[in-house]
Amino acid sequence: PLTGVYSVLGLDQQRATEMAVEEWNAKGGLLGKKIIWISRDDQLNGAVALRRAKEFVEEEKCDFIGGTLSGSISMAMNEFACKNKIPYVAYCQSDMVLGADQCKYGAAFMVIPSSAALAVSKYAFEKLGKKWFSITADYRWGHSLLEGWIWQSEQMGGKFLGNVYAPLGATDFSTYFAKIMAANPDFIVMNNLGADQTAAIKQANELGLTKKMKIVCSKTAMHTIKEIGAAYDENIMGGMTFYWKLRDKYATSKKFSDAFQKKYGKQIEQDGESGYVATSVLFMAVQKAGTFTDKEKIMNAMEGLKYELTKGPEQVRACDHQRVQSYLIVRGKGKKAKDWDLATIVAEIPGESILMSCEDNAKKLPFINIKLPK
């Protein structure tokens with residue numbers, strides 16, 4: 001999405017894909033052929049995304065598809081890829097690897113929403129308290145996050161005080177915060193992203209809520225932290241799959257973030273990192289399979305593929321085509337933030353610890369049994 005509420009994150013996805021393609025072409029391309037890539041704006045709209053996908057296949061004769069920043073759009077793209085037997089690598093948090101949506105030709109390269117919720121909620125219930133109230137983006141991605149939070153709350157003795165659903169693009173959260181103040185939770189859960197999350201946190205700060213209770217974002221972004229400024233302080237925490245300060249721990253993180261900074265003059269968002277890894281691993285699978293045309297063989301080559309690109313050792317889980325990776329918890333620096341040094345990594349949750357078994361994922365367990373509040 002190069003327009004709309006997630007456009008800043010979409011731009012990083014586009015740039016990271018470009019960087020991966022250029023790196024591979026500099027090494028001689030794929031199987032001796034130069035890689036040609038085409039980019040389009042899906043406008044954060046499922047119908048537009050499907051039209052673009054059809055253009056890629058029918059008019060541009062593309063061999064592979066990647067991208068999207070919406071879980072619901074990724075599921076539609078995954079269905080299209082399945083029907084047309086075209087490998088699709090999703091950059092976003094997506095449920096497309098669960099249940100009947102699992103597909104031979106689809107792979108998800110950011111943690112699934114429930115895994116993000118499990119990582120952040122476990123930290124919150126251990127460190128911040130048990131009473132919580134949530135603001136949830138009213139579409140599939142937000143609902144999946146909420147399912148993860150409710151399930152984890154039940155396992156860890158949390159006390160769920162309530163939830164409010166906010167439409168995508170909401171700008172006024174004042175009525176929601178009135179309900180939250182009345183409930184008096186230990187922390188507020190933000191199951192939203194982008195401009196929505198920015199507006200919600202700014203208004204919470206203006207009401208003085210961040211001084212009375214913590215805010216925990218299931219997924220946050222550097223752009224959000226930077227835009228909020230000093231108000232995104234030590235009372236606000238968020239989840240990320242990648243943050244450039246991992247350079248202090250992994251040589252691969254330093255190499256990757258330095259390359260992006262040099263090329264584009266900024267540090268990369270996690271959504272861009274996901275796109276870079278997805279693109280690179282797809283190319284690795286093609287190289288391993290030794291073919292462009294046998295798409296099933298390419299996806300077989302991706303299953304169980306191990307690599308180390310931007311963090312520690314990772315792999316694509318063979319049973320459901322999930323990227324097995326860690327999830328970070330970051331805390332804002334507030335007035336101490338400078339340039340891109342915006343947050344402190346307080347925890348890195350191992351990927352294996354936030355994944356359900358292959359058997360459970362195939363049945364969408366345990367989250368299919370969670371009844372969401374109305």
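Me: What is the handedness of the disulfide of Cys 82 and Cys 103, given the torsion about the S-S bond?

Reply: This is a predicted model, in which local features need pLDDT of at least 70 and side-chain atom pairs count only at pLDDT 80 or more, while totals for chains, interfaces and linings use all residues. Residues are numbered from 1 along each chain as its sequence is written, and side-chain values use heavy atoms, with hydrogens and water left out. A disulfide, defined as a pair of cysteine sulfur atoms within 2.5 Å, joins Cys 82 to Cys 103 with an S to S distance of 1.7 Å. Because the torsion about their S-S bond is about 140°, this disulfide is right-handed.

Me: How many residues apart in sequence are the parts that the pair Cys 82 and Cys 103 ties together?

Reply: Helices (H or I, at least four residues) and strands (E, at least two) are DSSP runs, numbered from the N terminus. Cys 82 belongs to helix α3 (residues 71-84), whereas Cys 103 sits in the loop between β2 (88-90) and β3 (106-108), so the parts they tie together are separated in sequence by 21 residues.

Me: Is Cys 103 buried or exposed?

Reply: Buried means under 20% relative accessible area, exposed over 50%, and partly exposed in between, with a 1.4 Å probe and protein chains only. With a relative accessibility of 10%, Cys 103 counts as buried.

Me: What is the handedness of the disulfide of Cys 319 and Cys 358?

Reply: The sulfur atoms of Cys 319 and Cys 358 are 2.0 Å apart and form a disulfide. The torsion about their S-S bond is about -75°, so the disulfide is left-handed.

Me: Which helix holds Cys 358?

Reply: Cys 358 is partly exposed at 24% relative accessibility, and Cys 319 is also partly exposed, at 37%. Cys 319 lies in the loop between β10 (314-317) and β11 (322-324), so the pair ties together parts 39 residues apart in sequence, and the residue in question lies in helix α12 (residues 358-362).

Me: What is the pairing of the bonded cysteines of the protein chain, numbered in sequence order?

Reply: The structure holds two disulfides. With the bonded cysteines numbered in sequence order, the pairing is 1-2, 3-4.

Me: How far from Cys 92 is the nearest cysteine sulfur?

Reply: Cys 92 is buried, with a relative accessible area of 1%. Cys 92 is in no disulfide, and the nearest cysteine sulfur, that of Cys 103, lies at a distance of 15 Å.

Me: Which residue of β6 is the bridge partner of Ile 135?

Reply: Two strands pair if DSSP finds at least two bridges between them. Strand β4 (residues 131-137) and β6 pair in the parallel sense over five bridges. Within β6, the bridge partner of Ile 135 is Met 190.

Me: Which residue in β12 is the bridge partner of Gly 238?

Reply: In strand β8 (residues 236-240), five of its five residues are buried. β8 runs antiparallel to strand β12 (residues 327-332), and four bridges join them. In β12, Gly 238 has as its bridge partner Val 330.
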